[in-house]
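Have the sequence and the model side by side.

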Amino acid sequence: MERTGLKWAVAVLLLFNCGAIWCQVKTDSSRVVKVLSFNILHGATTKGDFNLDVLAKLIKEVDPDFVAMQEVDFRSNRSKKYDLVTELGWRTKLAPLFARAMYHDGGEYGEGVLSKYSFLKTRNVALPYVAGQEPRAALEVVAALPSKDTIAFVGTHFAHEGNAGRELQAEKINEVFSPNGYPTILAGDLNAVPGSGPINTLEEMWTASYDRENPEPTFPSDDPRLKLDYVMFYPKNRWKILGRTVIKNTIASDHCAYLVTLELLDE
């Protein structure tokens, strides 16, 4: 009887430790998505020069699946007539896509996406804005993961000044992307802090990845004090946050890049 009792005790002990030893839920690497939101300051560094290699180095080091870039120039004079997304795509070996928000300085200005995966579908959504402010856009790409799941990824940049424009942009984002048939990630420089009107509006639909108890600031890069850069997802039950990191590089841009790792879940 003592031997039998010992066997049962061991069995029960193993059962209760199953999660730690034998029954760990494994992450499916084919459904893990690393997302980087990065305001690239139109290719200029905080030193005032023009250095795409600094940007490319940061991107390559974190090895993201998707990058949402803001303040992106396309063949403008201030960026030496470079197509910044294509140049960074070449340097990082990622597929590039640019979306114009406005014409600027002999070229164009807007959003950029870099992706490890080919694009099944893309669209550029013009966002509403207040008179006197720069036009803004949301760039969406639809892609298939290695798991063969299809997802959507949206990069955007909200108005620099005034909550009125940002409120309109948040409402438009919700309106346009709520009917999406695919699990969707939203990333970008939203120029608004947690708890503000525009962020609250977005969070009526989207789940944010930041720590609500301690939202880590992303701006300015040399002394971060404000949380302006975000990664959000929809619907809530299709995504799990595996990790998040604010990348404090004081040279590459005046914003810190924000990296979030997500896992796509079953319905």
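Asp149 counts as partly exposed, at 22% relative accessibility. The scale runs from buried (under 20% relative accessible area) through partly exposed to exposed (over 50%), using a 1.4 Å probe and protein chains only. Arg31 is buried, with a relative accessible area of 10%. The side chains of Asp149 and Arg31 form a salt bridge of 2.9 Å, N to O. Asp149 sits in the loop between strand 6 (136-144) and strand 7 (150-157), and Arg31 in the loop between helix 1 (2-16) and strand 1 (32-39). The pair links distant parts of the chain, 118 residues apart.

This is a predicted model: local features need pLDDT of at least 70, side-chain atom pairs count only at pLDDT 80 or more, and totals for chains, interfaces and linings use all residues. Residues are numbered from 1 along each chain as its sequence is written, and side-chain values use heavy atoms, with hydrogens and water left out. Helices (H or I, at least four residues) and strands (E, at least two) are DSSP runs, numbered from the N terminus.

A salt bridge here is a side-chain nitrogen of Lys or Arg within 4 Å of a carboxyl oxygen of Asp or Glu. By this rule there are 15 salt bridges. One of them joins Glu61 and Lys57 at 2.5 Å, N to O. How far apart are Glu61 and Lys57 along helix 2? They are four residues apart, so about one helical turn separates them. Glu61 counts as exposed, at 57% relative accessibility. Another bridge, of 3.3 Å from N to O, pairs Asp223 with Arg225. Asp223 is partly exposed at 41%; Arg225 is exposed at 56%. Salt bridges that share partners also join Arg31, Asp149 and Asp266 into one network.

Six strands form an open sheet in the order 5-6-7-8-10-9, with mixed pairing. Two strands pair if DSSP finds at least two bridges between them. Strand 5 (121-127) and strand 9 (207-208) stand at the edges with a single partner strand each, so one side of each has no neighbour in the sheet. Strand 7 and strand 8 (residues 184-189) pair in the parallel sense over six bridges. In strand 8, Asp189 is the bridge partner of His157. Helix 4 (residues 163-177) packs on the sheet and touches strand 5, strand 6, strand 7 and strand 8. Contact means heavy atoms within 4.5 Å.

Next, the nonpolar cores. Such a core is a set of buried Ala, Val, Leu, Ile, Met, Phe, Trp, Tyr and Cys residues joined through side-chain atoms within 4.5 Å. The largest has 44 residues, and those with the most contacts inside it are Phe66, Phe153, Ile173, Phe177, Ile185, Leu202 and Met232. Leaving aside neighbours within four places in sequence, Leu202 is in contact with Phe158, Ala170, Ile173, Asn174, Leu186, Leu190 and Met232. A second, separate core of 23 residues includes Leu55, Ala56, Val72 and Ala257.

Finally, helix 3 (residues 84-92). Its buried residues are Leu84, Val85, Leu88, Gly89, Arg91 and Thr92. Seen down the helix axis, they fall within an arc of 165 degrees, so they line one face of helix 3. The arc is that of the directions from the helix axis to the C-beta atoms. These buried residues pack against helix 2 (52-62), strand 2 (66-74), strand 3 (95-104) and strand 4 (107-115). Just after helix 3, Lys93 takes a positive phi of about 60 degrees.

Conventions
Axes are lines fitted to C-alpha atoms, for helices over the stretch in contact, and angles run from 0 to 180 degrees between N-to-C directions.
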